[in-house]
Amino acid sequence: MLFRSGFIHDNMAYIVDCFEIPDHLLHYLKKRKIDLLILDCLQQAKHSTHLTVEKSFDYIKAIAPKKCGLIHMGHDLSHTQLQKLAFDQFGERVFPLYDQLKLFY
């Protein structure tokens, strides 16, 4: 299934370059029982075209994937900082991605 901000393949969803995820899509993703979600997470401060840490975390809670990789971080959000924020809320199932990381689903 294709949609404006990403795609779904089997039980993996890739959603980047977005400011919000429509409710109908959130419900659909939750119903699909996503194994791996790759999600936009630009910065902590509000942004006009991308997800913030807070919004990303809210969507992760709503979709409830088995694992979630956060992608597209800006320069104001370090990998280490995001890793700690994600771990504090979700444990090891949510983590920032990096170049050449291999993911399986």
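Phe 7 is partly exposed at 30% relative accessibility, a class lying between buried (under 20% relative accessible area) and exposed (over 50%), computed with a 1.4 Å probe on protein chains only. The model is predicted, so local features need pLDDT of at least 70 and side-chain atom pairs count only at pLDDT 80 or more, whereas totals for chains, interfaces and linings use all residues. Residues are numbered from 1 along each chain as its sequence is written, and side-chain values use heavy atoms, with hydrogens and water left out.

**Aromatic rings**

- Two aromatic pairs are found in a search of the whole structure; rings of Phe, Tyr and Trp (its six-membered ring) pair if their centres lie within 6.5 Å, and planes under 30 degrees apart count as stacked, over 60 as edge-to-face and the rest as tilted.
- Phe 7 and Tyr 14 form a stacked pair, with 5.3 Å from centre to centre and 25° between the planes.
- Tyr 14 is partly exposed, at 28% relative accessibility.
- Phe 57 and Phe 90 are edge-to-face, because their ring centres are 5.2 Å apart and their planes stand at 90°.
- Phe 57 belongs to helix H2 (residues 53-63) and Phe 90 to helix H3 (residues 79-90), so this pair ties together parts 33 residues apart in sequence. Helices here are DSSP runs (H or I, at least four residues) and strands likewise (E, at least two), numbered from the N terminus.
- Phe 57 is buried with a relative accessible area of 3%, and Phe 90 is buried with 10%.
- Over the ring of Phe 19 sits the charged end of Lys 55, 3.5 Å from the ring centre; the criterion is NZ of Lys or CZ of Arg within 6 Å of the ring centre and within 35 degrees of the ring normal.

**Salt bridges**

- The whole structure contains two salt bridges, each defined as a side-chain nitrogen of Lys or Arg within 4 Å of a carboxyl oxygen of Asp or Glu.
- One of them joins the side chains of Lys 66 and Asp 35 at 3.3 Å, N to O. Lys 66 lies in the loop between H2 and S5, and Asp 35 in the loop between helix H1 (23-32) and S4, so the bridge ties together parts 31 residues apart in sequence.
- Lys 66 is exposed, at 60% relative accessibility.
- Asp 88 and Lys 84 form a salt bridge at 2.8 Å, N to O. These residues are about one helical turn apart, because four residues separate them in helix H3. Both Asp 88 and Lys 84 are exposed.

- Asp 40 is located in strand S4 (residues 36-40).
- The side chain of Asp 40 makes a polar contact of 3.3 Å with the side chain of His 50. A polar contact is a pair of N or O atoms within 3.5 Å; within protein, one must be able to donate a hydrogen and the other to accept it, and residues adjacent in sequence count only if both atoms are side-chain atoms.
- A polar atom of the Asp 40 side chain also lies 2.9 Å from the backbone nitrogen of Leu 51.
- Not counting residues up to four places away in sequence, Asp 40 touches residues including Ile 15, Val 16, Ser 56 and Ile 71; contact means heavy atoms within 4.5 Å.
- His 50 lies in the loop between S4 and H2 and is buried at 12% relative accessibility.
- Leaving aside neighbours within four places in sequence, the contacts of His 50 include Cys 18, Phe 19, Leu 42 and His 72.

**Positive phi angles**

- Most residues other than glycine have a negative phi.
- His 72 has a positive phi, near 80°. This residue lies in the loop between strand S5 (67-71) and H3 and is partly exposed at 36% relative accessibility.
- Gln 100 has a positive phi of about 70° although it is not a glycine. Gln 100 is placed in the segment after strand S6 (94-96) and is exposed, with a relative accessible area of 80%.

**Pro 96**

- Pro 96 is in strand S6 and is buried at 4% relative accessibility.
- Leaving aside neighbours within four places in sequence, Pro 96 is in contact with Leu 70, Met 73, His 79, Leu 82 and Gln 83.
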